[in-house]
Amino acid sequence: MSGGDMAKPLLGHRSTDGDASVTPAAGRAIGVLGSGDFARSLAIRLVCSGFKVVVGSRNPKRKASLFPSAAEVTFQAEAVKKADVIFVAVFREHYSTLCDLADVLVGKILVDVSNNTEINQSKESNAEYLASLFPACTVVKGFNVVSAWTLQSGARDGNKQVLICSNNQEAKRTVAEIAQVMGFTPVDMGCMSSACEIENMPLRLLPAWKIPIFLSLGLFLCFFTYNLIRQVIHPYIREQKNKLYKIPIEVVNTTLPCVAYVMLSLVYLPGVLAACSQLYYGTKYRRFPDWLDQWLQHRKQIGLLSFFCAALHAVYSFCLPLRRSHRYQLIETAVKQSTVGFIALVISTLHTLTYGWSRAFDENQYKFYLPPTYTLTLLVPCTVILAKVIFSLPCIQHRLLRIRRGWEKGRYVKFVLPSATGEYSSGETSSNV
């Protein structure tokens with residue numbers, strides 16, 4: 001099947017009015033084998049679309065409460081007898097458990113909705129394996145690219161396309177009619193050999209986002225390198241100034257709006273090129289080049305990534321008010337000096353205690369008996385401050401200083417300590433002293 005045919009809906013504009021050979025899809029009995037999340041969502045969508053749903057389960061009494069009341073939940077053999085189209089919503093490894101139903105499945109249409117856990121997991125697709133187990137049935141691959149959430153919420157909240165493939169055209173048409181009544185757009189993917197590709201599609205992580213993400217990362221690296229050269233490397237070479245502190249905040253915050261601005265323009269540029277092409281050729285029916293066609297299809301993703309970069313820039317700008325270079329130098333100095341850092345820790349702790357002292361004893365502040373968040377954040381800082389205070393006690397500080405000068409417990413060691421007059425004295429002592 002050509003690429004153009006694969007992109008066309010299976011049903012097209014064909015109407016079933018007045019055609020006695022085509023059974024109306026709505027109102028017919030549909031069987032569902034399985035009782036998992038997808039089977040439950042599928043049954044809900046089928047019932048809402050006007051179908052009579054019969055669910056086959058190995059334990060119908062236990063599973064009946066999980067399905068809508070309009071759906072009949074019975075044993076698998078009974079469900080298969082009441083429907084001509086059966087959705088097989090079980091895992092591949094459980095296909096063999098259905099072999100006992102081979103006699104009653106003769107002549108039925110089996111719709112395989114399964115997916116793999118890895119790309120090209122087996123030599124043959126799940127649908128082909130199911131067809132080999134039930135040669136007297138007609139197997140159709142479909143609905144595997146539709147999520148359970150989309151089935152429950154309706155086609156308006158997810159991908160509307162249902163990819164279908166089978167070696168039997170009539171079976172494909174029957175399943176396509178069901179998909180259309182459910183609100184989806186059936187797409188013919190050809191014969192059963194396409195089932196492997198259809199099963200691999202959900203495993204490809206965000207296929208529509210691949211090009212936009214690489215584009216945004218490429219732009220970010222380019223602008224980041226450019227800003228790094230201007231703001232960090234250039235001052236270091238010309239003025240011997242170390243401005244590495246600018247990298248995590250100022251350089252990044254300068255790069256983000258650049259990426260957002262360029263990517264926003266890339267959303268509209270393909271439309272301009274398409275208009276130029278149409279003006280040049282004087283028609284809108286001439287196909288665009290593949291690169292331009294792909295570009296047009298990814299505009300939404302590019303726009304969303306542009307908004308994401310702009311949002312990050314806003315967060316940097318509003319949450320980090322100390323944006324000037326000389327102020328960053330103060331932060332760098334405070335980090336390097338442990339004393340200044342500890343003073344900052346003490347001041348922050350005092351501020352938190354002052355702010356939350358009254359609230360800590362207010363019962364209304366405890367939700368479900370859980371303390372306010374700031375009380376939890378005080379745990380580690382208060383522990384550090386308390387330890388610092390204990391270490392500053394003369395007896396402990398003196399012992400700590402001796403240890404740092406080489407004193408060891410259980411040994412006679414020679415040590416040198418400053419005296420009260422400022423002079424150094426030496427001697428031997430026992431570790432028990």
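This is a predicted model: local features need pLDDT of at least 70, side-chain atom pairs count only at pLDDT 80 or more; totals for chains, interfaces and linings use all residues.
Local features are reported only at pLDDT of at least 70, and side-chain atom pairs only at 80 or more, whereas totals for chains, interfaces and linings use all residues. Residues are numbered from 1 along each chain, and side-chain values use heavy atoms, without hydrogens and water.

The chain has 17 helices and ten strands, taken as DSSP runs (helices H or I, at least four residues; strands E, at least two) and numbered from the N terminus. Of its 433 residues, 34% are buried, that is, under 20% relative accessible area with a 1.4 Å probe, protein chains only.

In soluble globular proteins, nonpolar side chains tend to be buried together. Here the largest nonpolar core has 32 residues; such a core is a set of buried Ala, Val, Leu, Ile, Met, Phe, Trp, Tyr and Cys residues joined through side-chain atoms within 4.5 Å. Elements giving two or more residues to this core include strand S1 (29-33), helix H2 (37-48) and strand S4 (85-88). Phe87 is among the residues with the most contacts inside the core. Beyond its neighbours within four places in sequence, Phe87 is in contact (heavy atoms within 4.5 Å) with residues including Ile30, Leu46, Val111 and Phe143.

Turning to the helices, the axes of H10 (residues 247-281) and H11 (residues 290-297) come within 9 Å and cross at roughly 135°. Axes are lines fitted to C-alpha atoms over the stretch in contact, with angles from 0 to 180 degrees between N-to-C directions. The contact is made by residues including Leu266 and Leu269 of H10 and Trp291 and Trp295 of H11.

Key. Buried means under 20% relative accessible area, exposed over 50%, partly exposed in between (1.4 Å probe, protein chains only).
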